[in-house]
Amino acid sequence: MLKKLMDLGGNRVESSYFHHCIALFEIYSQVVSYPHDSSGRMLYESTACMNVTLARVASGLRKLPISEASLQTSGTTIEKNPMGVILGQAKALGIVGQLCSCLDTLGTNLMSGSCNSAPAVAEACKALWLLIDAFNVPSGIVQKRVFPLNALKAYALKLLDPKEAFEELKAEHETSGVVQTVTDCLLKSKGMQFAFRYALLQGSEFSLSACMQVLMRCCIYNAAVCDILCGITNQDPASNIVNGGGDGTIVGAMFRFLSLHGSSSSNKDAALGECIESDNPGKMSAPGVLILHTCLVLTTIAQGLKFCGKHNASCVLTATQQKQRARLTALAHQASSDDWSSGSFPQHRCAAAMLALASILSLEHELHGPINSSWVSEIALALIPPTATIRVHLRQPFVDKSNTNDQREERSALSNGTGMLTHWHGLRDGCVGLLETRVKWGGPLAVEQACSNGIPGFIISLLVDQPRKLNEEVGGFLEDKVGLSPTGLVWALSAIAQCLTGGAFRDILLKKEPLSIILGLMSELHLRYIKLWDGHGGGSAGLRDLVNEIINILAFPFIVTQQCPGLPSTSASISSGLLLNSNSPGGRVGTENSYIAKAVAENMPHYLQILHEVHISVPILKCLEHLEAKDIGRPVAFIAKMVSSKTLAIELLNDGLLAPSTIEKMLDNASPKEVTLDLLMIISDLARMSKDFYEPIEKANMFDALRQFLNHDDANIRSKACSALGNMCRHTPYFYNSLVKHDMINLLIDRCADPDRRTRKFACFAVGNAAYHNDYLYEQLRRSIPHLKNLLLGEEEDKTKANAAGALSNLVRNSSRLCEDIISKGAMEALLRLISDYSTTASTPGRKDASNESPLKIALFSLGNMCIHAPCRQFLRSQEFFHVLMHLRKSPDPTITKYISRITSKFPDASTPSPAR
């Protein structure tokens with residue numbers, strides 16, 4: 001009766017229609033829970049009636065101006081906006097929850113073998129999508145949705161203010177409650193999962209499209225849904241192989257659809273290796289639209305899996321090589337369609353297929369180059385279009401020439417601007433994704449082809465392409481001429497980074513304009529836009545990926561010069577080099593192209609100057625504010641490299657490198673261990689470089705943290721802390737008072753007996769510098785003498801022995817206060833024994849290199865300082881010792897003979913020494 005009453009009104013939505021709709025909404029919950037509908041007829045009819053209602057409401061809302069199409073639950077008369085009131089009542093009465101309950105019931109019945117529920121499944125899926133679609137209209141997102149990159153450029157052109165942009169970055173925010181409800185139910189309900197899969201296998205075109213639209217939004221809302229759709233259960237954490245997407249899964253159903261309708265082969269089933277479960281799959285009037293939606297859902301699933309930490313394409317393709325090849329081939333067939341360049345609707349289908357292919361392959365991107373190639377990468381390289389073809393696609397303008405009303409409606413339901421494939425995916429995302437895969441896996445030849453086709457330069461020019469405001473007839477929204485979502489932008493930057501190894505570094509890094517364009521992506525406004533983005537590639541994870549790819553580009557010259565044999569290192573930082581080398585193309589330049597490595601090294605001074613001219617410190621430090629503490633590893637590692645340049649170090653300090661908020665972020669418990677190591681390296685390098693940096697280091701107030709680092713469980717952190725403190729005492733006694741105030745000396749002395757070799761080495765270095773400038777710390781350092789003696793006698797590396805000998809030298813450099821302890825504790829005797837042990841090698845002709853590597857010179861210099869004081873001279877008057885000195889006079893090293901002469905000059909009667917007392 002309700003259906004007939006509603007039909008009497010035609011397409012008009014008046015007050016009487018409103019009352020009929022509300023009655024339907026109120027009855028529907030009773031129908032869903034009715035236990036005696038064995039035929040399924042009631043559920044089918046009521047759900048079909050719901051579809052008619054929601055479709056009419058959405059259609060009516062679209063005919064109204066955005067200002068009048070607002071969602072209403074109260075305060076508005078039915079006569080003024082009946083559609084808005086109906087939609088508000090649907091939300092208030094929990095219709096979305098009822099539809100989910102309906103699907104759960106239907107799916108459970110189907111799982112038990114009942115076929116009566118089958119017709120209602122498709123209707124319920126359509127109703128869910130119609131409800132979501134209707135809620136989209138009041139939000140106005142069809143007119144306003146923009147990508148962060150487009151919003152950034154529109155702001156620069158004063159086409160968009162930041163507040164407006166923040167709203168337009170939120171896709172379908174009116175539907176978030178609906179999608180959340182559907183997502184939560186889908187994660188919990190096996191029956192609902194089965195119902196969706198059944199609809200994909202047996203449904204009509206509209207129900208298929210509805211299923212895919214709903215599933216895509218669920219995957220975006222919660223990436224955990226992607227595991228459900230792939231059929232992935234909890235895996236062994238130690239196993240890298242995850243098998244998903246089998247024939248009994250929703251993903252399997254989607255690939256089955258591609259096998260039926262996406263191949264031109266007459267024997268589709270055999271060609272694509274999919275299991276067909278229906279003898280009569282039915283003919284489609286517009287399969288291209290459904291293929292597009294299928295590719296978009298597969299894209300979203302793959303990106304969601306990657307977001308959840310999955311790094312294996314078998315999550316989607318199964319672990320069977322036959323199916324992997326079949327599924328990749330199906331996507332590649334759609335991506336290679338000749339219709340791409342026609343500017344017609346199939347352009348978007350091809351773009352979606354490219355995007356799905358690129359997203360699935362990105363799950364394998366932990367592998368780099370042919371050396372570590374996998375079966376999937378071998379298949380992919382044969383299927384990805386040639387670089388020249390991708391270049392043509394990238395340069396193709398966006399023209400929307402949809403040929404039918406259905407295509408135009410589907411097109412408008414996907415996105416607004418010409419560069420947007422959906423509200424979350426860019427039209428060029430797939431192109432740059434496949435390009436990145438090709439240059440990353442194809443080796444030097446692929447990089448050379450990309451550079452010869454001008455790919456890096458084109459991407460840079462694409463990033464500066466200006467948007468424009470379209471006229472009101474089209475909708476008044478911003479035209480997107482770039483077509484890159486946040487994910488596509490990261491892929492584009494990654495492709496640029498890979499091309500640097502082919503010589504593109506000259507055009508990208510050694511010119512101010514392209515470098516400024518790249519750094520503009522780390523502007524505060526763009527970082528905020530990325531963080532607000534509600535799709536994959538946005539949020540904290542998207543912000544991390546964007547910044548890391550930019551750092552990969554900027555750090556390229558530093559990594560190349562560090563990795564190549566024979567080239568000077570750009571910094572003493574070891575930990576930062578290891579972190580930056582991860583996934584960086586610069587790490588393999590030395591083995592693949594020595595000419596490029598040499599060119600990079602020669603241009604390093606010019607690059608450092610360019611970094612200074614573009615004022616790189618501002619965006620680098622700004623990104624630290626927006627990143628979560630756990631994600632700041634690469635930016636801090638890059639900063640550790642930059643401080644090797646005094647000019648950049650000054651710039652970084654002036655812009656707040658050691659500001660309290662920055663230090664607090666770096667020392668956060670959530671930050672990686674590598675950040676702590678790099679921070680210590682930054683302090684150490686600054687302190688070693690100049691005493692001018694002592695004041696900003698002191699203002700950073702890191703003494704409590706340094707105390708903790710000296711007792712840290714990690715030996716690398718203990719050794720770096722010792723090194724930093726040693727350099728803080730290198731130039732002046734500026735920090736001597738602070739060392740006493742914070743009780744650092746005793747901790748440093750304890751580290752001289754540390755179980756770690758490197759920590760002992762740097763602890764000796766720090767103790768020596770703490771004694772170098774005056775005798776203010778001599779009393780506190782007295783306890784170090786036995787430790788220094790043990791290091792001279794122990795099985796230590798030569799540098800540690802040299803540091804220990806140097807520390808003893810400084811302990812007598814400024815006064816004789818510690819001479820008696822040095823003698824009584826056996827330190828002088830240990831020093832003499834070390835000289836004796838190394839004397840044979842030093843006096844051998846042709847072994848100057850050996851003496852340079854030994855601690856002998858430092859030991860002789862230390863002994864010369866001790867001889868200034870009478871107690872030490874008295875101890876040294878022994879026939880045996882002078883015999884060793886006479887032997888060392890034969891050394892070919894002039895420095896050694898000079899130090900011996902300095903010692904013997906303190907003993908005028910050295911030729912006839914008196915016996916030791």
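Of the 12 residues of helix α14, 11 are buried, so this helix is largely enclosed by the rest of the structure; buried means under 20% relative accessible area, exposed over 50%, and partly exposed in between, with a 1.4 Å probe and protein chains only. The model is predicted, so local features need pLDDT of at least 70 and side-chain atom pairs count only at pLDDT 80 or more, whereas totals for chains, interfaces and linings use all residues. Residues are numbered from 1 along each chain as its sequence is written, and side-chain values use heavy atoms, with hydrogens and water left out.

The buried residues of α14 are Ile250, Val251, Gly252, Ala253, Met254, Phe255, Arg256, Phe257, Leu258, Ser259 and Leu260. At 1.5 Å a residue, the helix (residues 250-261) should span 16 Å, and its end C-alpha atoms lie 17 Å apart, which agrees; the expected span is 1.5 Å times one less than the number of residues.

The chain as a whole contains 56 helices and two strands. Helices (H or I, at least four residues) and strands (E, at least two) are DSSP runs, numbered from the N terminus. Of the 917 residues, 59% count as buried. Among contacts with a separation of 6 or more, 77% join residues 24 or more positions apart, where contact means heavy atoms within 4.5 Å.

Two packed helices are described by the angle between their axes and the distance between the axes. Axes are lines fitted to C-alpha atoms, for helices over the stretch in contact, and angles run from 0 to 180 degrees between N-to-C directions. The axes of α21 (residues 387-395) and α23 (residues 429-441) come within 10 Å and cross at roughly 155 degrees. The two helices are therefore roughly antiparallel to each other; angles under 35 degrees count as roughly parallel, over 145 as roughly antiparallel, 65 to 115 as roughly perpendicular and the rest as oblique. Thr387, Ile390, His393 and Leu394 of α21 make the contact with Cys431, Val432, Leu434, Leu435 and Arg438 of α23. These residues divide into six nonpolar, two polar and one charged. In this scheme Ala, Val, Leu, Ile, Met, Phe, Trp, Tyr, Cys and Pro count as nonpolar, Asp, Glu, Lys and Arg as charged, and the others, Gly among them, as polar.

Helix α35 packs against α38 (residues 646-654) at an angle of about 20 degrees, with the axes 10 Å apart. That angle makes α35 roughly parallel to α38. Leu608, Leu611 and His612 in α35 meet Thr647, Leu648 and Glu651 in α38. By class, this contact has three nonpolar, two polar and one charged residues.

Most residues other than glycine have a negative phi. Histidine 615, although not a glycine, has a positive phi of about 55 degrees. This histidine lies in the loop between α35 (604-613) and α36 (617-626), and is partly exposed, with a relative accessible area of 34%. Asparagine 701 likewise has a positive phi of about 55 degrees without being a glycine. Its place is in the loop between α41 (694-699) and α42 (703-710), and at 56% relative accessibility asparagine 701 counts as exposed.

Lysine 126, in helix α6 (residues 118-139), counts as buried at 13% relative accessibility. Leaving aside neighbours within four places in sequence, lysine 126 is in contact with Asn51, Phe206, Ser207 and Ala210.
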